[in-house]
Amino acid sequence: MKTILHYLRRKYDTNLYRIVQIIVLIIAIVMTLFTVYYVTLSVEDGVRNYIRAEGLWAKAQKDAVISLEHYIQNHDQSELQSFNESIKVIKGYKTARLALSRETVDIMAARQGFLAGGTRPVEIDSMINLFVNFQGFSYMEQAIEIWALADYEIENLEHLADAINKETTTSKNKTHIQSLHDKVSEINSKLNHLEHQFSDILGEGARWIHRVSLFAFGIISFILIFLGLVISRKILQQVSDYNIQLDANKNYRNINELRLKKLLELSRKSNLYSEKELCGFALDIAVEVTNSKEGYLHILNENQKDITLVTWNRTALENCTAATDSHYPIDHAGIWADSARLRKVVVHNDYRNAPGRKGVPDGHFPITRHMSAPGIYDNKVNIIVGVGNKLNDYDEQDKRQLELVADEIQKLINRKRLDQALRESSNRFFDIVNLTSDMICEIDLKGNLSYVSIGVQKVLGYLPEDLIGRKSCFDLIGQDSYRKYRYYTRAGKKFYNFNHFATHKDGHEIYMESSGSPVFDHQGKVVGFRCSSHDVSEKRELEMQLRQAQKMESIGTLTGGIAHDFNNILGSILGYNELAMEEDNDKAKIKSYLEQIQIAGNRAKNLVSQLLSFSRQTKEENRPMKVAPLIKESAKLLRSSVPANIAIDTVIKEPDCFIIGNPTGIHQIIINLCSNASSALEETGGIIDITLESILITNEPSHIKSLAPGRYVCLKISDNGPGIHHKHLDKIFDPFFTTKDVGKGTGLGLSVVHGIVKSYGGQITVKTELGVGTVFCIYFKQVYVDIEEVTTFGNQDIISGAGTVMLVDDEQTLVNLMAMQLSSMGFNSLSFTDPLEALARFKEDPDKFDLVISDQAMPNITGLDMARTILSIRPELPIILCTGFSQTLTKEKATEIGVREMLIKPISKSDLSKAIGRVLPVKKISS
């Protein structure tokens, strides 16, 4: 209630506030009156119910006495039973009294007691409330005492009844019985007296309450009449004041309408005027709405110290002949600039006698009254609007009007300046955008282009109008890049150096690098992206050439070790072959020699496979892959070229972790870093450690700042060599920087490693200490991949089947070997060393063959071209293509034309059996 009254006092005048106060008081009094009335009715109702209950109690008491007297006379047990029934009624009221007199009132027991006494249920609540709430009241207190005395006499009456009953059934002494009868009469007399006292006390209490209620009603009615008269007088006064205020409000509304109308008209035409003209028109409005004669407008500079006069109104210019400065420090200004110092409207209705007045120069018009208001924007005073010489004093209405006009002038000036700045910024932006060779665009979430710069013509060959509203950017960048773009849109993050392919207008594919920033709506939701893209195809090609050149350098480093391993393998094959040829009858020895030859051949096969994997020059796309197997392969390859006094230890702590990359890049990172470590250790010997683990990067200061928090795969390559001098650390990743002697290195190794790591989105760090060693740590973002189980043929499972196989290879020994392997599986084979001859034979009878197995590298025609011709005749025919090494053939390219399988030479019988089992419906048996 206090909050409501406080609000009314602030919002309305004092008279209305007082009227509301009186009305609230009247409501409170009326509520009090109703409360008193309700309490009175409740008490009277309770008293009436107690008087009625007293009647029931008295009746039960009289019935009990009469029954007892009849029993004394005729000794009829039914009379004694009637006595006991009447006593139960009286005991019910006693139970109720005791339950209500307890420290903790037992309502349920009291209710049961009243019901036993014959009280109606509707009367019980009022009786309980009267007892509980008024038991300390004098009348009620006396009534309860009488009630307790009566209950005591009832107990005595019960004792007499027991004695009479005993006497009449045993001795039957008439004299004693008469004595007991006299005592009954005595107790009955006492009870009758107590009953009258109880009724009198309750009646007196009810009459007293009635008198008090009448008195309270009279007092309250008098107060209500008095307050009604006061309100009537206040309302009449309020009506009179309201009429006066109505006239003032009407005048205020007229001025408001005039101000709003003129300012609205000025705002609509503001773009037609200069800033000075705008200030002049707005100043005229300020003078008019305050009924002033003169006015001025100053602008404060950005430093809030200097002030510049913009304009006077026309009357002031006509009446002023004094020469005034248009620019001066605000500290030198008079009291007319107090509004800027105090940051509020300032009024001087007695300007001549105002303290602090500096006076006016000769020729200046006289000032009688003055008022000025600051225009504040961004917590700075930007303008001062002043008016003067109103015929009467400036009042609160004038202050409010000038304050509103100053605020509006401030907004118009700011808007004028912002529009000008926006035009300049827009022109600057379009000049910069149109001068850059990059493609700058704006894309919504559906890929629609809403803006494209002229640079798109150089990058993609289109004009902006060819794309805006006509093509989706997803038509240009492909599905794989689209998925990456969707990731950025869902995350709502900026992205940098996002590499992807795009299709040029003439159809060829280019490689682009893009950076972008999300566009948010007013709710903070991502609605699109602004991107900048440029063609990096040439750069990418040069980087690939650089990496390939560096790989060739690394291969040169490994050549000696590879040649050593091959000589060992060939020595093993030749030696065991000679031993096998010398044996005549011992089949067990011959078999053991052949097994050793088989082992040596597999070692040669694996060595060639590792070398080809490292040296392969293909455009491998990044994909999820395990790092652990690549570390093991690289370590095997390195072992051949690293001197015997250098140990290579590999520790795989996380064998199943995945990253986004490609095998060639990881091979190259390991080979280059280990080759550098080997060069550092070649004189002294030592240990190269290769460790793979999964680590958690957090925001702690000890962790790498350039990596976002998350889980990373860490590839660590360390050595215990001489270390790197601190003066070289800033240059080790620069291309062609090397500390090796001439002819021992090109300086490309670490540069290529750094480029590969960055292209994977990783980070490389180096720690070194002279005389202790060097540690390179490469961090890749760890990804999680669902791995499906793939069922393959066991190593010992050889298929058995039937049919005719065309076998084509320009190497006669390989044709003969494979023909014998096929024959052992149950197949017939037609062998050819000339692919053109094989193709001619196929055309004669295409349905003769169930399978074609062909080499890739053959004279006159490649296996791929031959397969394309065969499939044009029989598209469903299974073809297996074999190759030792090819820079042009990939599994994807072979599958695209319909080749079912690709095998890498040398091919074992088990490998051949598995491949045939995958392309032909044959029954598999154990070998």
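What volume does the second largest cavity have? The second largest cavity has a volume of about 140 Å³, where a cavity is a set of points on a 1 Å grid over the protein atoms alone at which a 1.4 Å probe fits but cannot get out, and lining residues have an atom within 4 Å of a point; a volume is the space filled by probe spheres set on the points, which are joined across faces, edges and corners. This is a predicted model, in which local features need pLDDT of at least 70 and side-chain atom pairs count only at pLDDT 80 or more, while totals for chains, interfaces and linings use all residues. Residues are numbered from 1 along each chain as its sequence is written, and side-chain values use heavy atoms, with hydrogens and water left out.

Among the residues lining the second largest cavity are Tyr50, Trp57, Trp147, Glu195 and Phe198. Two or more lining residues come from each of helix H2 (14-74), helix H6 (138-169) and H7, and H2 gives the largest share, four residues; helices (H or I, at least four residues) and strands (E, at least two) are DSSP runs numbered from the N terminus.

The largest cavity holds about 190 Å³ of space. Its lining consists of 19 residues, with Ile443, Cys473, Ile477, His500 and Ser533 nearest its centre, and S9 supplies the largest share, four residues.

Helix H7 (residues 174-268) also contains Phe222, which is exposed, with a relative accessible area of 60% (exposed means over 50%, with a 1.4 Å probe and protein chains only).

Terms used: Buried means under 20% relative accessible area, exposed over 50%, partly exposed in between (1.4 Å probe, protein chains only). On a 1 Å grid over the protein atoms alone, a cavity is a set of points where a 1.4 Å probe fits but cannot get out, and a pocket is an open set with protein on both sides within 12 Å along at least five of seven lines; lining residues have an atom within 4 Å of a point.
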